[in-house]
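The entries follow the order in which I looked things up.

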Amino acid sequence: MAAALTVLLIGCLLQTALCGQFKTIIPQTIKVLSGSCVTIPCSFDVEDQYISRIDGTCRAMWKSDEQTVVFDSSNPQSSAIQGELKGDLTRRDCSTTLNNMRPEHSKEYLLRVQCDVFKHSFRDQKLHISVTDDPPTPTLTPSTLKVEEGTSVSLKCSAPAPCLSHPPALTWTSSLVHIQESLQENLDRTKVQTSVLTFTASRLHHGKIISCTAVYNKQDGSSQSVSTSLTADVSLSSQFIILPQTIEVLSGSCVTIPCSFDVEDTYKSNVDETCRAVWKNDQGTVVFNSRDPQTTGHLTGKLTNRDCTTTLNNMRPENSMKYFFGLECDNGLKYDFKTGQMDISVKDDPPTPTLTPSTLKVEEGTSVSLKCSAPAPCLSHPPALTWTSSLGHIQDSLQENHDRTKVQTSVLTFTASRLHHGKIISCTAVYNKQDGSSQSVSTSLTADVSLSSQFITFMPQTIEVLSGSCVTIPCSFGVEDKYKTKEDETCRAVWKSDQGTVVFNSRNPQTTGHLTGNLTNRDCTTTLNNMRPENSMKYFFRLECDGVKYDFLEKQVDISVKDDPPTPTLTPSTLKVEEGTSVSLKCSAPAPCLSHPPALTWTSSLGYIQDSLQENLDRTKVQTSILNFTASRLHHGQIISCTAVYNKQDGSSQSVSTSLTADVSYSPKHTTVSVSPSGPVPENSIVTLTCSSTANPAVRSYTWYRADGGQETVMGTGHVLNIKASRDIGPFFCEAENAIGSGRSNISQIDVHIAPQILSSYGCIQTADQLNCSCETVGNPPPALQWYLDGLPVNHSDRFATSSEPLNISGLRSIITVSQPQQRDLSTLLCHSSNSLGSATQRFCVNNLEPQISAKHQDFVMLLVFITIIVALFLIICGLLLVIRAQRTHQVVHKSTVAMSQVLTSGEADEEPNAEEEAIYINTNEARQGGVAEPAANSEPNSANLPGEEGSDVIYSSVNWKTKSRKRKEEDSEQGSAW
């Protein structure tokens, strides 16, 4: 039993799968913006027995209930909700577009297919359409962004696209890198517009708000927008560098290298204001140093923010090589990021711009967006993009690629018309080089626009006209296929007011206007002349041919006639740029009367001006004038205005203007130093230095440097610096810095007054026949030098030659040459230096001057002489000490005593030596010659040890000196004893 039930169930399931049934496949709900259309994706099926009855007689009907038909594909323009059957019923495709939806259309709808031999309402599946006044908010995926620096990020923005002819345009407020747009399909076959933003996360993105905006263009020409956003949370990593792998540059142009880096945690505090950026090629040659950039480029990033973005100027093909970044700080931190190298390729020809999409095949009435993209390696001179066919609205922007290089984009938006079919649409990129020359390159596509197969007109919703001028109404139409053969030369264009009054007939135009289009090409463009305020009303087009007549009531144009002309529009409306940036200002003014378009003029003729007549989305025209110039500090604060002059058909004219004030940021310029007091100052006095500069934004720091030859030494910071005046202060300058860059003053020097001083480099050089003496002095005011001899000034003569030469701004060297110096007394030669603060004198010792090189050499010789004398004296003293020691060792007491009194004191008895007793050594020969007999040898102790051998010429005698009183006492004593 169970098996039988199973077989029965399987059979039923197979019958359901293989046999047809009445059903539709449609979404359950669709949300629509009021004023826009809705495209209902729809397919249906019928039971097999009715498939053959689905033929060309079938029509699709949408009903809001059993009784009310809101759309009938057999008569779409007369339906309660106008629209168009997009699908092919014979293929069971019932996709339908309903136009101009309103909030009152919010209800459920069901499909009915009605053929000659088949009719069926698909009641089981209903679609709920919700019409809202506000567009749906786009969705960001992911909804949050928290990544590490260096991570590749993809953000997707999605917005529903219920109206396929007017899908939402998605834009990012932060054009970080590559953007890819596409129209995707949901599970229920409804469409969604997506835009994917891809970039590499950097510290510069941290905290940045990234938002996506969806702009919905309605069928009435108006638009509404809605945005969603997130805040990037980028965590920093340790030591690394982020820069592009390759950059292609046009020869003669600059290249901006996007660069960010980080260092290990232990060195983070070393990245300070003293750091500089150094770029080297792969051969190790320094090509750029931010401390001395000169004209090679400039650092656009801020190293303390780890931003090493740098611009290198005037690239040439020989500069095609690899480069790496180096960080050098005064505090000892130096590092070359060799692991991250970038290959720069310098080309003679600019890169070809890219068109997206690369082909254009659409149906008439479709909203089209074409994007032209061109690389912008030189940010100060980005390429200017222009379209050869000014079909509609153009929006330019500078976007960012994955690797943070930039790309210039221009988006052309228009509504496809039969007039566009076969037209070549091209985009040209003009690259302006730094030497003033330019090169251009173009790319193009051919538009393939298919014609509409129903009664429909394409014209603007509103046109504003100046009273007394004409109005040109751009117009095209379509008819149902069965009437296409009746469009011939018999057709005429008729324009009626909404009250049914004929205001123009091309068969009898008179002076009211003229048909400018060709009806056989379905072009009903018409010009109406001499419009007045009373002509302000709605108008519709009527086609009258011999075989067909039709009033296109569903589409009307509202013409508003004004007494004052419309104010021109400046794009951008504000101007805030950096000096050196290439600027394009576009002035736009409506041109409703094509025979008398407005003339646009600029009050400030700053650069090159290019005028053109462009086309809006609704095919109305606008006169544009583009002013191109390079921003300079001279433009800062300047009012730039554009004036539109409208010439009327009666010969009179009216004008109206719009303007903006230029805000040009630039690095410090005209940096100067003022010194107070300004005149000469005495040494050791306090001097106030003030650094001044013009900059936008304002200067944020001032640094003072001492210029010591090739070295630059920091001497202080601040707008005002107080220092003590000294002779050693030397030349100095100040550097002002703001967020854009820095500027330096000229070299300055303080006029410090000091008394003269003679330098120690004075000296003389002697040769055989002349003497050259030099004297060097410094002082301020510059001192004078005078030579003196014997107290008298020495002037240039035959005997003396004097010459002088400056040492520096406050020094002097004087040389005196003396002929035959050995014949003159030069002991009084003086060098005398003097100025208003005092004097100094130096005497030259040249009495017995030997040839010498200089005073320093003389001092060296004197030092050698002094050392020699000291050594000699030391040796003499040592020798004397040795002799005295030897004499004491060998001296003995002599045994014989010789009375020498009668010999030594004859007639001199009263004189005596200072010592009471003294040993006298006398030569024996002299003693003998004096008649002195040799004394007998007296016995003395130790006599055996004395060198008194027989025959010796030396007599050792002992002589006793006595005073008279003592002698008398002894004689008296002897006499007394005798008694």
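This is a predicted model: local features need pLDDT of at least 70, side-chain atom pairs count only at pLDDT 80 or more; totals for chains, interfaces and linings use all residues.

Entry 1, the chain. Residues are numbered from 1 along each chain as its sequence is written, and side-chain values use heavy atoms, with hydrogens and water left out.

I looked up the secondary structure and noted five helices and 72 strands, taken as DSSP runs numbered from the N terminus (helices H or I, at least four residues; strands E, at least two). Of the 979 residues, 43% count as buried, where buried means under 20% relative accessible area, exposed over 50% and partly exposed in between, with a 1.4 Å probe and protein chains only.

Entry 2, a sheet. I traced an open sheet of four strands in the order S11-S13-S16-S15, with antiparallel pairing; strands pair if DSSP finds at least two bridges between them. Strand S11 (139-141) and strand S15 (178-185) stand at the edges with a single partner strand each, so one side of each has no neighbour in the sheet. Inside this sheet I followed S13 (residues 152-160) and S16 (residues 191-200), which pair in the antiparallel sense over nine bridges, and I saw that Leu155 stands opposite Leu197 in S16.

My search of the whole structure returned 15 disulfides, each a pair of cysteine sulfur atoms within 2.5 Å.

The sulfur atoms of Cys37 and Cys163 are 1.8 Å apart, and this link is right-handed, with 95° about the S-S bond. Cys37 sits in the loop between strand S2 (29-33) and strand S3 (38-40), Cys163 in the loop between S13 and strand S14 (169-172), and the two are 126 residues apart. I found Cys37 buried at a relative accessible area of 0%, and Cys163 buried at 2%.

For Cys58 and Cys115 I noted sulfur atoms 1.6 Å apart and a torsion about the S-S bond of about 105°, so this disulfide is right-handed too. Cys58 is buried at 12% relative accessible area, and Cys115 counts as buried at 3%.
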